[in-house]
Each structure stands twice: as structure tokens, then as C-alpha cells.
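Hi there,

Here is the model I promised to pass on. Have a look at it first, and my notes follow below.

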Amino acid sequence: MEEGEIFGLLGPNGAGKTTAIKMITTLARPTAGSIMVFGIDVQRAPQEVRQMLGFVPQAISVDGDLTGYENLLIFAKLFFVDREERKERILDALKYFGLADRANELVKNYSGGMMRRLEIAQALVNRPRILFLDEPSIGLDPYSKNQVIQQIQELNREFGTTILVTTHDMTEADILCDRLAIMNMGKIAISGAPSDLKRSVGGDVLTVKVTGQAAASLPAGLGSVVSSEQGTIKILTEDGEKAIPRLTEYFERNGAVVESISLSRPTLDDVFMKYAKASLQEEGTFRDARSVRRSFARHGR
Amino acid sequence: MINLQRSVSSALTIAEIEARKIRHDSTELWMRTVQPALWLLVFGEVFNAIRSSLLSIPGYSYIQYIAPGVLAQSVLFVAIFYGITIVWERDVGLLTKLLSTPSPRLSVVVGKALAAGVRGIFQGIMVFALALIIGINLRFDPLDVAGVFITAVLLAMCFASLSMTLASFLKTRDRMMGIGQAITMPLFFASNAIYPVSLMPVWLQYISKFNPLSYGVDAIRSMLLTGDYSTLPVDIFALLLFTLFFIACASVVLKRLIE
């Protein structure tokens, strides 16, 4: 990982994402090899490493029996934030995450989205150099999810915080991450920028419907015909959006009438399926879903 | 030096969490007074009718004799279930979060043990209040009372760390409920809380020598009742040893809970 980037760690349930995070955050012992965080060995100086990092675990882990303000205060103290700066940072963070008006309410009365935001607010108070988010948007409605994504991005932009995020939501990973890696069975299967990864599973596919005489070959640079039957032509090209006007012009110049063109691009889902399909297990998803539901139920009482 | 300061501050912060929670909701504290009240009002009053010097220290009534025992016992009951609290915190992710802060493991354990101590102090206050209401004649010398609170905190820390150590091996709430039930009564009965050790069969007398509760009760009794401090240094020293031992055990094994 490079400093200042948002890095996504994807993979099927049980691929080892959470374990990897636990090892980096010194919560579990590495089974082999060593891990360096900003040049410090996690096994040799675990406390120093933990001082530099923030961790938002998969299950909601704010304390429901304390108020929002108190939750931030406790963790500011545990991260040894200076007494003078503490209050200001906490109030700023609460305001920034839209929780200021409910700061003195017990967290168990918060909604799931608010709890998540409070957890990320903790990171804002402690200002870690690197923040680990284990499935930050799980169980959130689309609106809250969006808010969380935006706030993660702003955290990265404003404070230059390096962020590692795991998720099952490919759209989210695509929007959020500068680079990502797909893990499978404890190993990194592939890594790179989302756009590169998508390109690696194939380019854009244009499906063109034409009537009249269609040309069987295309001029160079436009793409290649994958299949052509009964006036439906599938064309593989590098940049679909740019190819559309040129294709239309080309077909019409050659005496065909273009009825419709649809563009389908490879998504991260395709990338994921390609590299992670080996071990998608029903059992894992079920267990995860249950534990998440349980944690929400407990906090949401 | 800075490390020590940080360790202490972390431990205090973790204990502060407990104090803040009690401030938000103190229902549990009040319910926790029911049991000592029953021991004093029912058990104590009934056995008080047996005017035997064997059941007490000569010169003191039975209800005077068991008041320190009831105090220590109520602290034990609060503290021994701290393992369940920590398993629950593991289940909801709070423990993972706590262990991912820069605080050393030792501070986490000491902090949690201190949190039990905070509750122990409340138990002490409640038993004192009950004693005043029922009119049990105790020595309410300020220094002695302070000493009793310190002993209560030590007892709470001792049993809370023992409980956390067990939790690290047992790992589930159900098992902790079971072990909690299984060890509180033996600890209680194999102590001098409600009858003198001299009444016990010899084998039990030996066991009670390894029971931290006995030392706690003896210390509290000497301060609240007799004013005879001859065994106090040994009591406090033994209690400290037990406490440090269990704290050390818990700090080493606590990590097992999240693995």
C-alpha cells in the first residue's frame, strides 16, 4: 500500500480479509513472515503501531451505554490526544458527521447509520496515519451508505489519511478505491487500479442493431466484431462511449440504418467473479449476515 | 516513565467508562443490594437467635460477625461475573476495539478490574447503609471505613481478574454463567464469611487458606469490628499477591478471547 491512498481489499467470505487486518492491527499473530507498518515491525513494537492506526471493525463497536460525546472522549483519551485539543476535536468531529445535536444522547438510541458515522468520527478525533475499515457500509441503507462513502473520501482528502477498506459492494469499491486487491484463500489473487482491473477482464462490449447491409469488418481502431447474426452485432472495443458516434457514422456511411446501440462495460463484479469464484461459500455468507444482524439488533434496542 | 504514565492513564480511562455507565443507568446497582440485604435481614437475624459464642468472635453478636462477610461476599458476586461482561464486550466488538488502541494489555485488564472495584465501592456503601438502618453496631472510624473500601476494591480486582482469566479460556457467556455459579458458592462457603474457620473440618480449613475471600473478610472484620490489626498486614499482603497474580494471568491470556 502507498501512503495517502484508499486501498480496497476484496474477496469472498473467509478469504482472509479480516484476518489480514487483525494481523496488521496487532490483534492476531502473523502465521508466517513479518508485517511492517510505516517501517515499524508489528511484532516488535505493537503499541507504537497501534498508536498510528485506527480500526473500525466489521460489527458495530460503539458503546451503546455511553453518549456519542463520551464514546469519542474515551477513545481520544485511549489514543493520548492532548487534553487541550481533545474537546475541540471531538466537537468538530461530531459536527462534521452531523451528530452534534445528538451528542449527549445514549448511542443505543442512534440508528445504524449514525453509529457507523460515530465510529468513523473516532478516527477523525485520533487522526491516525492509517485507518482500517472492515466492511464499513454493511447493513446500511443506500443513503447512509453514500454518506459514509463521502465521509471516508473527505477524511482521505483533508487529512491525507491512508485508508484500507474491505467490502463486498463492488460499486462502492469502484467509487472509493484508488487501488484494490482481490484476496482468495488467504492470498492476493490480483491487485491494481479499478479501471485497469476492469480492462483486464475484457473491454467494453457494444451491441448494435442495424437494418440493411452491415459491414462484416470494421476499420482499425474501432474495435473487433465478436459476433454478428440477424442484424445484431456485438463489438468489443476499448472505450465504448467514444466508439458509439464513430460506429454510427461508419454504419450509416455504408448504407445501414442503426436502430439502437447498447453499451455494456465490465464491472468489478466481473473482475471479482473471475478471481474469487473458487471459494464462494453459502455457509460463510449466512454466518456473516447473522452476526451483523445480531450486532445491529443489540445496539438498536 | 512516559510508558508508565500512559499505562496508568489508560487503565483509569477504562475504569472511567464504567463510572460513566453507572451514572447513566444505576438500576443494576440497586438490584445488587437485594442479596446482601437478604443475608443480613433474614439469614443474619435468624442465626442471631442462636446465642452461641462458637458462631462468632466472643463478645460480638452473629449479625455483627457476618456484616463484614456479607460485604465481601457481595463484592465477590459482582466481580466474579466480570468475565461475562468481557465476553459480551467481545461479542459486540467493543473488546476488539479496545485492544486496537495503543493501551497495553495490562492496562486493559487493570482498567476492567478497577471498574469492578468501582462497583465494589458501591456495594460497600450499600452494606454500610443497611448496617446503619438495621442498627448493627460497627466501628465507623473514618480511617477504618477508608481501609474497608480499599479492601473492597482489592477484592473486586482480584475476582474480576480471576474471572477474566477464566473467560479467556471458556470464551462463551453460557460457560461463564456456569463457572460463575460453580465457583462463587465454594469460595463463599470455604471462607470465614459466615462462620469461623475453626468450625470447619480440617481439610476445608486448609482450602480456606488459599481462598482470597478469607483474607478480605478477615481484613474488613478487623477494621469494622475488632480493631485488632495484628493480622491486617498479612491479609492485605495475601490479597495483593492474589490480585497481582490474577491480573498477570489475565493480561497474558486475554488475547485468546479475540482469536
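Among the elements of chain B, confidence is lowest in helix α6 (residues 94-99) of chain B, with a mean pLDDT of 89, and highest in helix α12 (residues 232-253) of chain B, with a mean of 96. Please keep in mind that this is a predicted model. Over the whole of chain B the pLDDT averages 92, and 100% of the residues score at least 70. For the complex, the predictor gives an ipTM of 0.87 and a pTM of 0.82.

Now to the interface, which I guess you will want to see on screen. Chain B and chain A each bring 31 residues to the contact. Between them they bury about 2900 Å², and carbon and sulfur atoms give 59% of that area.

There are charged and polar pairings to look at too. The rule finds five salt bridges across the interface of chain B and chain A. In one salt bridge, the side chain of B:Lys97 meets that of A:Glu119 at 3.3 Å, N to O. Polar contacts across the interface of chain B and chain A come to 12 residue pairs, with both residues at pLDDT 80 or more.

Which elements give two or more residues to the side of chain B that touches chain A? They are α1 (2-24), α5 (82-91) and α6 of chain B. Of these, α1(B) gives the most, with 12 residues. Sorted by class, the side of chain B that touches chain A has 10 nonpolar, 10 polar and 11 charged residues.

Notes: Residues are numbered from 1 along each chain as its sequence is written. Chains are lettered from A and ligands numbered from 1 in the order in which they are written. Side-chain values use heavy atoms; hydrogens and water are left out. pLDDT is the predictor's confidence in each residue, from 0 to 100. Helices (H or I, at least four residues) and strands (E, at least two) are DSSP runs, numbered from the N terminus. Contact means heavy atoms within 4.5 Å. Buried area is the accessible area (1.4 Å probe) that two parts lose on being put together, summed over both. A salt bridge is a side-chain nitrogen of Lys or Arg within 4 Å of a carboxyl oxygen of Asp or Glu. A polar contact is a pair of N or O atoms within 3.5 Å; within protein, one must be able to donate a hydrogen and the other to accept it, and residues adjacent in sequence count only if both atoms are side-chain atoms. Ala, Val, Leu, Ile, Met, Phe, Trp, Tyr, Cys and Pro count as nonpolar, Asp, Glu, Lys and Arg as charged, and the others, Gly among them, as polar.
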